[in-house]
Amino acid sequence: MNQTRLDDRDIAILATLSREGRIAKTELAARVNLSPTPCWDRMKRLEKAGLIVGYRAEIDLAALGPHVQVFVTVELESHKAESFQIFERIIARTDAVTGCWAIGGGYDYLMQVVTRDVGSFQDLMDGLLESRAGVRRYYSYIVTKPVKADPPALGLLR
């Protein structure tokens, strides 16, 4: 993506949308102190520039039923480029993995997993260990309660 010049109102639009994706356009315009048409034009420009890549609903998983959320650090057996590519392709097709980041430091990846229960999480990990994913070892961290899950404070990134 090319570097798009952003002013304070662009940041305010992005910050508001990251918290409230379904906000009415007129309400968004009022919050960022613009009339609706210029606000809409800015939103379209931000979308076209690739800064807004989608809109999603935040789902209360607890209201859906029992589940377990687990963060997993992963170390691969090999550090060849092909090993990373194979692992990433497998993870991209694994629905229970809701987030995965390549990280620096002692591990290669940090994954976020949401499954029905601990047993289904373990089945997932056993499958990864038996597959061509190349996992050497992993450490799992079960979420016992959510504390904070806010979008980034965009104003701090400028």
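Where in the chain is the place of Asp117? Asp117 sits in the loop between strand 3 (109-115) and helix 6 (118-130). The legends below refer to a predicted model.

**Figure 1. Overall fold of the predicted chain.** Six helices and four strands make up the secondary structure. Read from the N terminus, these elements follow the order α-α-α-α-β-α-β-β-α-β. The radius of gyration is 20 Å, well over the 15 Å given by the globule rule for 158 residues, so the chain is more spread out than a compact globule. Along the principal axes, the C-alpha atoms fill a box of roughly 55 × 40 × 25 Å. Buried residues account for 32% of the 158 residues of the chain.

**Figure 2. Salt bridge between Asp10 and Arg45.** The two side chains meet at an N to O distance of 2.7 Å. Asp10 belongs to helix 1 (residues 8-19) and Arg45 to helix 3 (residues 36-48), so this contact ties together parts of the chain that are 35 residues apart in sequence. Asp10 has a relative accessibility of 1% and counts as buried. Arg45, at 33%, counts as partly exposed. Both residues also take part in a network of salt bridges that links Asp7, Asp10, Arg42 and Arg45. The structure holds nine salt bridges.

**Figure 3. Salt bridge between Arg31 and Glu27 in helix 2.** Here the side chains meet with 3.0 Å from N to O. Arg31 and Glu27 are four residues apart within helix 2 (residues 25-31), which means that about one helical turn separates them. Arg31 is partly exposed, its relative accessible area being 43%. Glu27 also counts as partly exposed, at 35% relative accessibility.

**Figure 4. Salt bridge between Arg136 and Glu75.** The closest N and O atoms of this pair are 3.2 Å apart. Glu75 is buried, with a relative accessible area of 13%. Arg136 is partly exposed, with a relative accessibility of 43%.

**Figure 5. Patch of negative charge on the surface.** The patch gathers Asp117, Asp123, Asp126 and Glu130. Asp117 occupies the loop that runs between strand 3 and helix 6. With a relative accessibility of 36%, Asp117 counts as partly exposed.

Figure 6. Ile59 is located in the loop between helix 3 and helix 4 (61-64). Its relative accessible area is 53%; because the cut-off for exposed is over 50%, Ile59 counts as exposed.

How values were computed. Residues numbered from 1 in each chain as written. Predicted model: local features only at pLDDT ≥ 70, side-chain atom pairs only at ≥ 80, totals over all residues. Heavy atoms only, no water. Salt bridge = Lys/Arg side-chain N within 4 Å of Asp/Glu carboxyl O. Helix = DSSP H or I, 4+ residues; strand = E, 2+ residues; numbered from the N terminus. Buried < 20%, exposed > 50% of the residue type's maximum accessible area, 1.4 Å probe, protein only. Patch = residues over 30% accessible without salt bridge, like charges linked within 9 Å, V, L, I, M, F, W, Y side chains within 5 Å. Areas by Shrake-Rupley, 256 points an atom, 1.4 Å probe, with all protein chains shown as cover. Lys, Arg positive; Asp, Glu negative; His and termini not counted. Charge placed at Lys NZ, Arg CZ, Asp CG, Glu CD. Rg over C-alpha atoms; globule rule 2.2 N^0.38 Å.
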